[in-house]
Amino acid sequence: MVKMLFVLPLLIFASVTFAQCVGCPEEELDVGCESSEPCGDCFIQSLVAEDASNDAGGGIDLSWTIAVDVAIPDSMVLERLDSGGVWSPITTLQPADGRKTDSGLENGQQYSYRIVPFYGGIAEPASEAVSAVPSKQWIHTGRIWMLVILTLISIVVFYFIEQGKRGKELYIRRIAGLTAVEDAVGRATEMGRPVLYIPGIMDMDDIQTIASMVILGRVAMKTAEYGSPLLVPTCRSVVMSVAQEIVKESYIQVGRPDAYKRESINYITDDQFGYAAGVDGIMVRQKPAAIFMLGTFYAESLILAETGRSVGAIQIAGTAMPSQIPFFIAACDYTLIGEELFAASAYLSKEPKLLGSLRGQDMAKLFFMVIIVIGVLSATLGEAWAPAMKVADFLKQITSVE
Amino acid sequence: MRLVIPLAITFVAGMIMILQFFVPATQSVGESLQEWYMIVASAAIFLGAINLLNVHVHKIRFKAPNWKYSPVTIAGFSVMIITGIFFGIEPGKPFDYMFTQMMVPMGATMFSLLAFFVASAAFRAFRASNWRATLLLLSAFIVMLGRVPIGGMISPKIPLISEWIMQVPNLAGQRAVMIGAAMGMVATSLRMIFGIERSYLGGAD
């Protein structure tokens, strides 16, 4: 009841104002209905417009604060002053939104905005009009530290590549799954069965698929040397085309172009479980002696790995998907965990410069381990000693990416 | 030349993608490159379709082992294409009917196999053959018990311990994998962009 008593005069006042505005021509509407002064008892207290940060231009960020002691409007309309000097509605806002980005604007041109609150479908006086000019930024301020860290990592990786090129002996830890590649292909040869290579279910724009394709090249060299048939069912057409070229190059390189069979690298379907069904069928019918599952996998990982296990194949899997690694560990003989997938090509090639990049990769990981340890210690100490918390905050800032 | 051109394309495309991440003003160039990729990928769909038909026609023609499955594949493929082209793909049309009434249930059937495979994999993984496997078994038992109502009924601490296992040791392990993988991605990208890794081009220097 009290609310009604408060809202009713407001509605009457709004109706009168709206009626006056409806009755006046457009230019008069623009001038007469605009609230150029900050409105003391308006819902929108302060509207701010500024160039959208860290964008390619064409965007203005709008933010506003609301009055806590004024009735909440049913809806609000964001208006922009067009080139003809008329306020045009561009979108409806919810009272609780608090911010909105207007995009698709022309850089260098000034744009003005205001917000009109509506109570029961009747417009109240608009907020103060604000203006901003969109522009493009040349550096993303939220990613500067990432650029610095990436540059440092690159320097370290290139340093160790150079060391590798100069013949310096670099210790690379043994990765059981990769040492077993030759054994797996050899086993397939002895048993007279094919080698099945599954490159994951993602397309060529996925770094794990790219890493998988590079490993496929190495595995194809082994199958060409040993004379084992190689089957590569793919889930994407682009992956199929790339795999065909890579395998062909590998067969040519070891002097066995005659052994290359284009139809062994075939496309099945883009559908996730359709692909899993197709590959399961290949496993059951052709009974491969060795199965490689290297790339990006989702829910089909265990379906494939368990079927592979049921046909008695030696299985080497590798992925950087943390949720799928346990399935591979449970069902496969060897699993390349995360970074090992990316290390595989360099490890198998044994080329000094590639091994150097692995050493650089390990050093970069050491750098992050140090950062984590310092961060944890300083955050813990920071509870009792404020300067330590500043160190923790700084580390958090440099390792966060917008 | 056979090596230089692909390496140059890889370098330029890779550098543009890195640059557009740090320089917002160049984002449109990166977006254009991604659009080009989408165009190439869309065109490659035809390659996939042709390959599928080739492989199965070849199998039928030469009576390869298990060739009897190939006519089924070709028939399914052709029916879907023909109904899609001639009747459209809107809801209620034959294509949509076959997709929702045949494709989706068949996909769901494959997905449901996962439950049985999880059981068989868990049976092997949770055998207490050594102390590490025993630790895994115990952790899994507590986590599973903590996620069902009976766990909380036995002891209110079980769901808390279950949550702790998931949020502390499990999450720490997952993050370690992700950090390692991220380093691997950076190193792999650098190797590809700067032409250090060129095995995909035949491996020649």
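## Exercises on a predicted model

In this predicted model, the hairpin formed by strand 6 of chain A and strand 7 of chain A has two residues between the strands, and Gly120(A) there takes a positive phi near 55°.

**Exercise 1.** Find which strands of chain A are joined by bridges to strand 6 of chain A, and how many bridges each pairing has.

*Solution.*
1. Start with strand 7 (residues 122-123) of chain A: two bridges join it to strand 6 of chain A, and the two run antiparallel. Here Phe118(A) stands opposite Ala123(A).
2. Go on to strand 3 (residues 75-81) of chain A, which is antiparallel to strand 6 (residues 111-119) of chain A and joined to it by six bridges. In this pairing Phe118(A) is the bridge partner of Ser75(A).
3. End with strand 8 (residues 130-132) of chain A, which pairs with strand 6 of chain A over three bridges, again in the antiparallel sense. Tyr111(A) has Ala132(A) as its bridge partner.

**Exercise 2.** Describe how helix 4 of chain A packs against helix 5 of chain A.

*Solution.*
1. Take the geometry: helix 4 (residues 176-191) and helix 5 (residues 207-226) of chain A pack at an angle of about 35°, with axes 10 Å apart. Their crossing is right-handed.
2. List the residues: helix 4 of chain A brings Val181(A), Glu182(A), Val185(A), Gly186(A) and Thr189(A), which meet Val219(A), Lys222(A), Thr223(A) and Tyr226(A) of helix 5 of chain A.
3. Sort them by class: the contact has four nonpolar, three polar and two charged residues.

**Exercise 3.** State how many residues chain A and chain B give to their contact.

*Solution.*
1. Chain A gives 66 residues and chain B gives 53 residues.
2. On the side of chain A, 36 are nonpolar, 16 polar and 14 charged.

Definitions and conventions:
Residues are numbered from 1 along each chain as its sequence is written. Chains are lettered from A and ligands numbered from 1 in the order in which they are written. This is a predicted model: local features need pLDDT of at least 70, side-chain atom pairs count only at pLDDT 80 or more; totals for chains, interfaces and linings use all residues. Two residues are in contact if their C-beta atoms, placed from the backbone, lie within 7 Å. Ala, Val, Leu, Ile, Met, Phe, Trp, Tyr, Cys and Pro count as nonpolar, Asp, Glu, Lys and Arg as charged, and the others, Gly among them, as polar. Two strands pair if DSSP finds at least two bridges between them. Helices (H or I, at least four residues) and strands (E, at least two) are DSSP runs, numbered from the N terminus. Axes are lines fitted to C-alpha atoms, for helices over the stretch in contact, and angles run from 0 to 180 degrees between N-to-C directions. A crossing is left-handed if the near helix is turned anticlockwise from the far one by less than a right angle, and right-handed if clockwise.
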